[in-house]
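User: I have a structure to go through before my next meeting. Could you take my questions one at a time?

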Amino acid sequence: MEREKLLKPGTYFMTGNTAVAEAALIAGCRFFAGYPITPSSDLMEHMARRLPQVGGIFIQGEDEVAAINMVLGASAAGLKAMTATSGPGLSLMEEALGLGFMLELPAVVVDVQRVGPATGIPTLGAQGDVMQAIWGSHGDREVVVYAPSNVQEAFDLTIDAFNTAEELRLPVIILLDELIGHGYGRLRVPNLDEIRIVDRKKADIVEGYMPFKTHVLVPPFAEPGKGFRLHMTGLVHDERGYPVIDRDATERLLTRLLLKVRANRDRLVSYEVYPCDGIDKAEVMIVAYGSIANIVKCALKRLKAHGIKAILFRPKVLWPMPDVELCKSVESYGVENVLVVEMNYGQYLYLVRAALLHCPTPYRFVSITPGFYPSPKELSERILRVLS
Amino acid sequence: MSQSATSRPVYRSPFDLPREEYLAPGHSLCAGCVAGMIVRHLLKVAGPNTIVVTATGCVEVSTTLYPYTSWRIPWIHVAFENAASVASGIEAAIKVLQRKGVIDPNKRINVIALAGDGGTYDIGFQALSGLLERGHKVLYVLYDNEAYMNTGIQRSGGTPLFAWTTTTPVGKVWKGKWQQKKPIAEIVAAHRIPYVATANPAYFIDMVNKFRKGLEVDGPAFIHVIQPCPTGWRFDPRYSIKVAKLATETAMWINWEIENGEFRVTVPVPKRKHVKHYLRMQGRFRHLTDKEIEEIQRFIDREVEYINKRLGKEVIGPLVE
């Protein structure tokens, strides 16, 4: 019955926010807690309408801190849970994201970016939350950050995000921006059987169960109500979940938590090189992601008209970063100049810089004023100016 | 500090209010929005020596339309959750500057925190409670339109029972919000601050006098003002004041104040109307059945009984129509 209420296979015309919400329902999300914030409110409103229909639970919290912690609570109780917010809300959620990492609770946080800092411009998109998504929480934390660039990808990557969260038992972040969130686009929904959906590995032996004991990286999850004895704490803990102040236990826990992402890096990274065929050599490689990558794709044609052979390298997963792949692409295409184009004053630039540390290719940066999307013409002119 | 330096007279008619306007016209509040009226008269009462701290919300967004501002007094917009904290900081700084003689110690500077229901009931509640407990001399005005109207009519702690909002939709499973409105003024009164009041712009003289008292007391003051919202409550903009008036006439909204521990109802209602008159005017209650309306009516009856019992006399009368 629940399955009948999900989005039917077919082609749709919808906004990125709606696509994320529908993808979450297909991925099995049955709990959403949120707090109103432009430009992510309509995602929450959609969930408020849809979740009761599929037997899920929707709660509006009293603030973002409540929302994310409710999501963690729901996840600890065994449901696939999600929240959506924007930059200021993500700042408030950061502490809980660290907690979710420590307690190994799967959760998906959608950040529909807007201009910051502070209130900024709530109704215009930006890409200013990259650093805060990757490194916002205190302590050493690893996270997986998705950056879809159109409605279809918002749908696909949301399902991936839920799968990753469940598989690795950690909170993951989806970075949309206002343009993708509110912009309409084409969405093709495949047969539900064709969509790969992962559920967290459940523990089966109650006797002597230790919540954080594992010989692989991700411990099995104890379902509530099945008789497991569970002890969870945000303090550094041992295999039993009891707090410890011990060098070896600290080392063991933190390295295992970090390795969940670091050891799975090759599986997690995802990127696109555009145009994908017909080019074996390029003078310029543009690194861009999210909605800006779409504008870059259009600008590439204009650059070609000016006699510049350029390609786009677009990470779909911002973190873990496809740094090795970036370097390899630079070498294989014989790139002379790397150009980072972002709608901020240099955030992903730092990661690209680190990736190209041992690469002799020079890199340059084109900063787009947050909130003000350039036309392909404006962007190509700016790129030409930077290159000359 | 001299208390009587700029002591204001009791307002008996609209003509007693100063002619000066401190909220400039041309703001972009919706047609029929009562928030503009509330703020305009609040500033008339407060006068030029006033600093206003505004949390994110309708008033903040609409009065500061790029590249203009409607505020003719010093004004600061902060994040969503911290109007009370910033107001505390401003008040404490003024106190220090007056002690050190940088500012004239006899000069009375009003600090007003202005926030909507989302910024008070929900996300700003912690900051508000801190302000009240520390006892800063700040007047906190809550304009309550009973949902997050600025972000698109999402429910808040102030949304009444059964009201439709975009996050409490009406369908087969949900029938609007199923929780009661949080009694915020009573929660604030439990902090034992010198002045707490609820006000209704339809009872305008009562409202401005409450602003006056709130600015004069020595310590924190809190005024909770109902603000009918044509956009979110779904009614014709010309009926804003009518809806506000009906709120008091049906005792959905009771105008009371607690001044130094003394509780009184400032607008007695000798004959009370049935709540259906209030509910039927608004689209957000359009889905209600008679049974649900009776449930709301029973809740109001209990509230009225509680108020009358608390005062020891009948100030809110029986249901007549």
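User: How far apart are the mean positions of the positive and negative charges of chain A?

Analyst: This is a predicted model. In chain A, the mean positions of the 41 positive and 45 negative charges are 3 Å apart.

User: What does the secondary structure of chain A come to?

Analyst: Chain A has 13 helices and 14 strands.

User: And what is the radius of gyration of chain A?

Analyst: The value for chain A is 21 Å, which agrees with a compact globule, because a globule of 388 residues would have a radius of gyration near 21 Å. Along its principal axes, the C-alpha trace of chain A spans about 70 × 50 × 40 Å.

User: What share of the residues of chain A count as buried?

Analyst: Of the 388 residues, 59% count as buried. Chain A exposes about 15,900 Å², and carbon and sulfur atoms supply 54% of that area.

User: Changing topic: where is Asn200(B)?

Analyst: Asn200(B) lies in the loop between β5 (195-199) and α7 (204-216) of chain B.

User: Is Asn200(B) buried or exposed?

Analyst: Asn200(B) counts as buried, because its relative accessibility is 0% and the cut-off for buried is under 20%.

User: Which side chain does the side chain of Asn200(B) join in a polar contact?

Analyst: The partner is Thr248(B), and the polar contact between the two side chains is 2.7 Å.

User: Which residues is Asn200(B) in contact with, leaving aside neighbours within four places in sequence?

Analyst: Those in contact with Asn200(B) are Met207(B), Ile226(B), Ala244(B), Lys245(B), Ala247(B), Thr248(B), Trp253(B) and Asn255(B).

Conventions:
Residues are numbered from 1 along each chain as its sequence is written. Chains are lettered from A and ligands numbered from 1 in the order in which they are written. This is a predicted model: local features need pLDDT of at least 70, side-chain atom pairs count only at pLDDT 80 or more; totals for chains, interfaces and linings use all residues. Side-chain values use heavy atoms; hydrogens and water are left out. Helices (H or I, at least four residues) and strands (E, at least two) are DSSP runs, numbered from the N terminus. Buried means under 20% relative accessible area, exposed over 50%, partly exposed in between (1.4 Å probe, protein chains only). A polar contact is a pair of N or O atoms within 3.5 Å; within protein, one must be able to donate a hydrogen and the other to accept it, and residues adjacent in sequence count only if both atoms are side-chain atoms. Contact means heavy atoms within 4.5 Å. The radius of gyration is taken over C-alpha atoms; the globule rule is 2.2 Å times the number of residues to the power 0.38. Accessible areas come from the Shrake-Rupley method with a 1.4 Å probe; for residues, only the protein chains shown count as cover. Lys and Arg count as positive and Asp and Glu as negative; His and the chain ends are not counted. The place of a charge is taken as NZ of Lys, CZ of Arg, CG of Asp or CD of Glu.
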